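Hi everyone, thanks for making the time.

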Amino acid sequence: MSDKAGRVHETWSSRWTFIMAATGSAVGLGNIWKFPYIAGENGGGAFVLIYLFCILAIGIPVMIAEVLMGRWGRSSPVHTMYKLVDDAKAPRIWHGIGWMGVVAGFIILSYYSVIAGWAIRYFLQVAGGAIQSIDGQAASDLFTSMLSSTGTLVFYHSLFMVMTMFVVIAGVTKGLGRAVRILMPVLMVMLVILLFFSMRIGDFPAAFKYLFSVDFSSLSGPAILTALGHAFFTLSLGMGAIMVYGAYMPDHAPIGKTVLTVAGLDTLVALMAGLAIFPIVFANTAIAPGEGPGLLFISLPVAFGNMPGGMAFGMLFFALVTVAAWSSSISLIEPAVSWLVETGKATRLQAGVGFGLICWLLGLGTVFSFGPWEDIRLFQFNFFEFADFLTANIMLPVGGLLMAIFVGWMMDQTIVRQELDIERDWVFNLWRAVLRVFSPIAILWVTLEGLSDIFGWEWLSLMSWLS
Ligand code: TRP
């Protein structure tokens with residue numbers, strides 16, 4: 001069914017619904033699980049500062065561009081790119097933005113689902129009393145024992161995948177959209193409570209110093225690339241998720257303010273998660289800041305296991321992490337599903353089941369990389385690390401780079417001006433300058449330096465050409 005503007009999709013009921021949906025997509029494992037552990041692996045303060053800078057100077061301008069493209073195109077990212085490329089009379093190679101996003105979404109969802117499965121598993125562990133009065137060492141053992149059971153990991157990965165496909169098939173704006181509106185604020189409140197608690201039982205001053213005192217000497221090229229990649233990952237940027245949500249956004253909602261709200265909430269949640277986790281890390285010699293992907297699952301049980309009412313609190317926490325992951329995961333597959341449905345070749349049900357199966361299969365690679373495949377490496381990465389690196393640190397930044405160039409240089413600028421509807425000229429001009437010049441150069445440079453450091457390809461490094 002299409003309305004008089006020829007739209008095939010429903011639109012959100014209000015700007016507020018868009019904010020909640022986009023925040024639901026943005027706030028997820030990236031904030032609560034990934035941000036703390038990569039901050040820990042990359043030495044803290046300087047990394048956090050670069051990450052914040054990337055959000056502000058690259059993430060937000062590109063996010064505005066991505067929403068704008070979606071709202072102008074009004075369909076799945078693939079078809080939106082067809083339309084935009086036609087309108088701009090740009091070369092067809094630009095269609096690649098849509099296609100690359102579909103592929104990136106599959107790969108991210110495949111491992112995202114495995115990690116979300118851990119959260120479901122932990123919900124049940126807490127409910128079963130497994131973390132009662134636990135200490136750092138025991139918490140670490142508990143995590144390791146989960147990883148060593150491939151069957152357990154496959155089971156929860158499958159469960160989460162089914163949950164995701166269920167919502168995708170039912171349609172995005174109903175059901176989960178409503179639930180997220182209530183549950184996201186609850187998650188925020190819980191993080192605040194958790195933060196106060198870990199201030200009391202943990203080493204808060206050490207955590208604060210670690211996260212916010214900046215020492216640039218500890219910063220490497222790969223760390224800067226990781227910070228940039230994470231800015232994209234945490235905002236759900238660069239693969240069409242935000243574009244497809246933008247396609248459902250009402251015509252006259254102000255894009256700039258809306259994007260600022262979403263990015264602000266997302267950053268707040270990440271910082272709160274960091275401030276809740278690190279005090280416990282620094283109070284327990286058994287837990288290292290550079291622990292890796294297990295950091296959240298090893299540190300927080302120590303808090304839940306030793307606080308009054310910790311069992312109920314811990315259960316609620318892991319349930320909410322699961323919901324946060326759930327509202328993110330649907331946006332990873334929605335670009336692909338909406339594309340296939342638009343072609344008329346499949347129903348939502350068929351598209352959902354088919355694509356879900358592909359992601360599920362791919363996810364098995366991640367499951368095995370925490371067990372039997374741990375030592376199978378491509379360069380220095382195992383399967384999970386490679387999937388994460390390829391998507392977060394390469395495909396998303398490249399997607400963002402192309403979007404910045406496309407909106408900044410290829411699209412009709414009167415459309416852009418009119419769509420954005422920013423009252424003050426200087427704000428618009430600043431945004432446009434950043435998008436056209438700063439963002440592309442910064443993304444390209446950071447990506448090339450990072451790659452050259454990681455793989456030892458010196459010819460990629462501008463720095464080495466200059467010196
Ligand atoms: N932003 C989500 C998180 O932080 C993950 C996510 C959802 C995502 N949709 C995306 C990442 C699209 C990149 C692209 O957990």
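This is a predicted model: local features need pLDDT of at least 70, side-chain atom pairs count only at pLDDT 80 or more; totals for chains, interfaces and linings use all residues.

Residues are numbered from 1 along each chain as its sequence is written, and side-chain values use heavy atoms, with hydrogens and water left out. When I say helix, I mean a DSSP run of H or I with at least four residues, numbered from the N terminus.

Okay, back to helix 5. Its 32 residues should span 46 Å at 1.5 Å a residue, and the end C-alpha atoms are 46 Å apart, which agrees. The expected span, by the way, is 1.5 Å times one less than the number of residues. Helix 5 is also mostly covered, with 24 of its 32 residues buried. Buried here means under 20% relative accessible area, exposed means over 50%, and partly exposed is in between, with a 1.4 Å probe and protein chains only.

S133 has a positive phi, near 50°, and it's a residue other than glycine. Buried or exposed, this S133? Exposed, because its relative accessibility is 55%. Move on into helix 6 and you find A138, which is partly exposed at a relative accessible area of 32%. A138 and P301 are 163 residues apart in sequence, yet 9.8 Å apart in space, C-alpha to C-alpha.

Where does it sit? In the largest cavity. A cavity is worked out on a 1 Å grid over the protein atoms alone, as a set of points where a 1.4 Å probe fits but cannot get out. Sitting in one means that more than half of the molecule's atoms lie within 2 Å of its grid points.

Around the ligand there are 17 residues, and the closest are A26, G30, Y112, F233 and S331. To make that list, a residue needs a heavy atom within 4 Å of the molecule. Helix 1 (15-26), helix 2 (29-41), helix 5 (96-127), helix 10 (221-234) and helix 14 (310-343) each supply at least two residues of that shell.

An oxygen atom of the ligand is 2.5 Å from an N or O atom in the side chain of Y112. A ligand nitrogen is 3.2 Å from a polar backbone atom of S25, and a nitrogen of the ligand is 2.8 Å from a polar backbone atom of F233. As for cover, the ligand has 360 Å² of accessible area on its own, and the protein covers 100% of it. Those areas come from the Shrake-Rupley method with a 1.4 Å probe.

F233 takes us to helix 10. How many of the 14 residues of helix 10 are buried? It's 12, so helix 10 is largely enclosed by the rest of the structure. Among the buried ones are H230, F232 and F233. From first C-alpha to last, helix 10 reaches 20 Å, close to the 20 Å expected. S236 isn't a glycine either, but has a positive phi of about 60°, and it counts as buried because its relative accessible area is 12%.

Last stop, helix 14, which is where S331 is. S331 is buried, with a relative accessible area of 2%, and a polar atom of its side chain lies 2.8 Å from the backbone oxygen of S328. Also in helix 14 is S338, buried at 0% relative accessibility. S338 and P308 are 30 residues apart in sequence and 46 Å apart in space, C-alpha to C-alpha.

That's my tour, and I'm happy to go back to any part of it.

Technical notes
A polar contact is a pair of N or O atoms within 3.5 Å; within protein, one must be able to donate a hydrogen and the other to accept it, and residues adjacent in sequence count only if both atoms are side-chain atoms. On a 1 Å grid over the protein atoms alone, a cavity is a set of points where a 1.4 Å probe fits but cannot get out, and a pocket is an open set with protein on both sides within 12 Å along at least five of seven lines; lining residues have an atom within 4 Å of a point.
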